[in-house]
Amino acid sequence: MQQSQRERYRDIVDRFVQLARANLDKPTRIPDLSRAIGVEPRQLRRACQAILGITPVSHLHRLRLSEARHTLSTPDGAASTITKVASRFGFHELGRFAAVYRAAFGEHPSETRQRTLANSDTTVPGA
């Protein structure tokens with residue numbers, strides 16, 4: 001791949017990632033994201049494959065999964081239910097969410113939540 005093409009693809013991916021991160025808790029489709037950054041879905045797919053080594057759908061899925069974990073790792077997020085957190089980031093099949101979460105992070109979402117709640121309940125005496 002020529003340097004100019006690689007730079008173009010990098011720019012497309014950077015805009016895609018920025019827009020995707022800004023909309024993780026909203027239902028978004030790849031054609032809509034493509035249109036918003038001014039490229040065709042096929043061009044976005046080629047750019048993601050070249051730069052990230054995965055499809056835009058796979059990258060969006062990973063971003064949403066990571067954000068769900070981040071949310072469950074905060075006291076406010078852990079105070080919510082796993083169902084609410086999963087649904088917020090587009091995971092509506094809870095069994096599948098739990099399986100994918102465990103495969104990615106080595107623990108169940110409930111374990112992340114329980115650890116966070118246990119750590120947030122620990123208060124420093126005299127604080």
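**Reading a predicted helical model**

Colleague: Let's start with Leu 94: why does Leu 94 count as partly exposed?

Modeller: Leu 94 has a relative accessibility of 35%. Buried would need under 20% and exposed over 50%, so at 35% Leu 94 counts as partly exposed. Bear in mind that this is a predicted model.

Colleague: Where is Leu 94 found, and which residues does Leu 94 touch, not counting residues up to four places away in sequence?

Modeller: Leu 94 is found in helix H7, which covers residues 94-105. With those sequence neighbours set aside, Leu 94 touches Thr 83 and Ala 86. Thr 83 is eleven residues away along the chain, and its C-alpha atom is separated from that of Leu 94 by 7.0 Å.

Colleague: What makes Pro 27 exposed rather than buried?

Modeller: The relative accessible area of Pro 27 is 82%. The cut-off for exposed is over 50%, so Pro 27 is exposed. Its place is in the loop between H1 and H2.

Colleague: What makes up the largest nonpolar core, and which residues have the most contacts inside it?

Modeller: That core has 26 residues, and the ones with the most contacts inside it are Ile 12, Phe 16, Leu 44 and Phe 97. Helices H1 (3-22), H2 (30-37), H3 (41-51), H4 (56-72), H6 (82-88) and H7 each supply at least two residues of this core. The largest share, six residues, comes from H1.

Colleague: Which residues is Ile 12 in contact with, leaving aside its neighbours within four places in sequence?

Modeller: Ile 12 is in contact with Ile 37, Val 39, Gln 43, Leu 44 and Ala 47.

Colleague: Now the whole chain: how many helices and strands does the protein chain have?

Modeller: The protein chain has eight helices and zero strands, and the pattern along the sequence reads α-α-α-α-α-α-α-α.

Colleague: How does the radius of gyration of the protein chain stand against that of a compact globule of 127 residues?

Modeller: The compact globule would have a radius of gyration near 14 Å, but the protein chain has 18 Å. The C-alpha trace spans about 60 × 35 × 25 Å along its principal axes.

Colleague: What share of the residues is buried, and what share of the contacts joins residues at least 24 apart?

Modeller: Buried residues make up 31% of the 127 residues. Among contacts between residues at least 6 apart in sequence, 63% join residues at least 24 apart.

Colleague: Finally, what do the surface and the charges look like?

Modeller: The accessible surface comes to about 7,900 Å², and 49% of it belongs to carbon and sulfur atoms. There are 20 positive and 12 negative side chains, with the centres of the two sets 5 Å apart.

Terms used
Residues numbered from 1 in each chain as written. Predicted model: local features only at pLDDT ≥ 70, side-chain atom pairs only at ≥ 80, totals over all residues. Heavy atoms only, no water. Helix = DSSP H or I, 4+ residues; strand = E, 2+ residues; numbered from the N terminus. Rg over C-alpha atoms; globule rule 2.2 N^0.38 Å. Buried < 20%, exposed > 50% of the residue type's maximum accessible area, 1.4 Å probe, protein only. Contact = heavy atoms within 4.5 Å. Areas by Shrake-Rupley, 256 points an atom, 1.4 Å probe, with all protein chains shown as cover. Lys, Arg positive; Asp, Glu negative; His and termini not counted. Charge placed at Lys NZ, Arg CZ, Asp CG, Glu CD. Core = buried A, V, L, I, M, F, W, Y, C linked by side-chain atoms within 4.5 Å.
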